[in-house]
Amino acid sequence: MRDLIIPGNRIKTELKFLLYCYIAANIANIYAIIRYNTEWIELITWQRFVIFIAFIFYAITIVLRILIWSIKKLTGASGKAQPGN
Amino acid sequence: MLEQNRRAFLRNSLLAGTAVLTPFSLMKLLAGEKGKIISPNDKIHVGIIGTGSRGHHLAYLIKEYGHEIGMEVTALCDVYQPHLDHTHAMIPEAKTYKDHRKMLEDARELDGVIICTPLFVHAEPTIDALETGLHVLCEKAMERTLEATYAMAEAHYRTGKALHIGHQRLFDPKFLRGMNKVYEGDLGKVTQIRAFWHRNNDWRRPVPEDQPELERFINWRLYRDYSCGLLTELASHHIQVANWVKKDIPVDVRGTGSISFWKDGREVEDNVALIFTYKDGTQFIYDSMIQNRRHGLEVQVLGHKGTLELETNNFFLEDPPPQKPAGIIQLLHDLEENVLGKVPIGSSSWDPEVAMTYKGEPIVPENLTDGTWEQFTGFAKAIREDKPIPGLFEEGYYGSIWTLLGQQAIDSGKVIQIPKKYNISKFLM
């Protein structure tokens with residue numbers, strides 16, 4: 001079996017996406033606390049759920065990026081495009 | 001009123017060390033008569049009659065914590081030498097006696113007596129001590145028979161000396177606070193009280209192999225001449241609590257019991273059930289067994305607005321405030337509804353009425369004590385002030401009387417009411 005090599009650049013990009021997703025999940029939590037007038041302590045007590053939401057957001061970005069990459073491939077856009085870029 | 005007295009007492013008991021003698025009590029003190037008022041700075045000397053497991057435990061508590069209330073054990077009495085030696089080894093400075101009458105002859109050195117003998121020998125040392133002018137703390141239940149129980153009451157009222165019965169729940173903060181909730185109406189109308197006490201053991205104490213003749217002496221709890229078993233040793237506590245909740249005594253009791261598991265020659269039931277009815281229609285349902293301990297012990301006070309579970313320090317509202325979900329859950333729920341819309345699903349025509357999952361709230365924030373030590377605080381106060389705490393004896397008396405009437409109901413298969421002669425309201429007029 002061939003070794004899979006993930007370039008450092010790609011790891012950096014994926015970590016950035018994950019960070020953005022985590023920030024987005026926290027913003028959603030803050031919005032929900034304000035909108036539904038619940039306790040601010042939920043920012044801490046619901047962190048496990050926020051992290052779970054962050055991974056869901058991240059999964060959505062993967063699907064979207066594959067979709068965009070596929071469309072570009074089909075429409076003959078510049079050949080160097082790869083999923084996630 | 002009784003509750004107020006108790007709360008005031010508990011509050012004041014903290015100030016026992018700074019109590020002030022009244023002119024009247026000072027006169028009694030100067031007169032040097034027995035029943036002296038004791039200065040808060042003086043030590044209270046108590047004797048323990050009966051140094052078996054309970055007596056030894058209470059002696060240990062006084063030895064360890066007695067300095068908090070100025071109490072110390074100076075005399076020990078037991079007819080069974082191994083028990084006497086065991087407790088004497090813990091408190092070697094105490095004088096030892098094999099006959100309580102000899103101990104009471106030296107009563108000048110004593111201010112109070114704690115009775116931890118087997119049930120059927122509570123009355124004699126209690127009455128002798130009261131007549132000697134000593135205050136008495138006697139373990140529950142009061143006695144094996146109605147007549148002996150009544151004789152103890154008569155001696156208490158005749159001598160004016162305190163006779164506290166070992167119902168420590170009267171001093172337990174969660175029970176005190178729970179009673180306030182009942183009286184303040186937080187439970188609504190209380191129409192049912194349920195209590196149970198379940199264990200899983202044979203309830204036997206080891207008998208020396210070379211002295212089988214001591215079987216009835218050591219395992220007196222298992223024989224009808226000396227005990228009513230689960231009723232006098234356990235149920236009397238919860239019967240007292242039920243009367244306390246209702247501020248009343250039952251109208252009648254019915255019951256059943258059997259030796260259904262431990263068929264080892266014992267004479268007392270190992271499986272009992274009683275129903276006490278109060279005049280407002282409240283039912284107090286009690287059961288006890290010693291072949292399953294899944295549910296342990298509990299007293300449940302059921303009102304139309306709420307429930308108390310006193311032993312485990314819980315209070316439940318019938319209609320608890322709705323629990324608000326976390327904001328992010330509400331957000332997701334709204335998103336889901338907006339995206340998917342509401343899907344109408346027919347509800348079932350009948351839902352199983354299983355227990356509420358609502359976890360309730362504690363009656364007191366910290367459940368640190370069962371009232372045993374606080375009971376000594378009350379006893380010390382009664383000794384220092386040379387007078388009983390109002391209302392306390394009556395709780396113990398009726399708890400014991402209705403325990404014995406419960407046994408009568410089991411034995412006869414009839415509905416039993418209290419004979420008029422055992423009503424002690426005449427002493428309170």
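**Chain B: strands, helices and cores**

User: Which residue in S10(B) is the bridge partner of B:Ile275?

Analyst: In this predicted model, B:Ile275 has B:Ile285 in S10(B) as its bridge partner. Strands here are DSSP runs of E, at least two residues, and helices are runs of H or I, at least four residues, numbered from the N terminus.

User: How do S9(B) and S10(B) pair?

Analyst: They pair in the antiparallel sense over seven bridges; pairing takes at least two DSSP bridges between the strands. The hairpin has five residues between the strands, and B:Gly281 there takes a positive phi near 95°.

User: And what about S8(B) and S9(B)?

Analyst: S8(B), residues 252-258, runs antiparallel to S9(B), residues 271-277, with seven bridges. B:Ser258 has B:Asn271 as its bridge partner in S9(B).

User: Quick check, what are the ground rules for numbering and confidence?

Analyst: Residues count from 1 along each chain as its sequence is written, while chains are lettered from A and ligands numbered from 1 in the order in which they are written. Local features in this predicted model need pLDDT of at least 70, side-chain atom pairs count only at pLDDT 80 or more, totals for chains, interfaces and linings use all residues, and side-chain values use heavy atoms, leaving out hydrogens and water.

User: Changing topic: what's the strand order in the open sheet of six strands?

Analyst: The order is S3-S2-S1-S4-S5-S6 in chain B, with parallel pairing. S3 (95-97) and S6 (163-165) stand at the edges with a single partner strand each, so one side of each has no neighbour in the sheet.

User: Where's H10(B), and is it buried or exposed?

Analyst: H10(B) covers residues 230-246. Of its 17 residues, 17 are buried (under 20% relative accessible area; exposed is over 50%, partly exposed in between, 1.4 Å probe, protein chains only), so the helix is largely enclosed by the rest of the structure. B:Lys247 follows H10(B), with a positive phi near 50°.

User: Which residues have the most contacts inside the largest nonpolar core?

Analyst: That core has 85 residues, and those with the most contacts include B:Val113, B:Leu163 and B:Trp402. A nonpolar core is a set of buried Ala, Val, Leu, Ile, Met, Phe, Trp, Tyr and Cys residues joined through side-chain atoms within 4.5 Å. Helix H13 of chain B (residues 392-412) gives the largest share, ten residues.

User: What else is there apart from it?

Analyst: Another core, of 24 residues, lies apart from it, with B:Leu84 and B:Trp373 among them.

Conventions: The expected span of a helix is 1.5 Å times one less than its number of residues.
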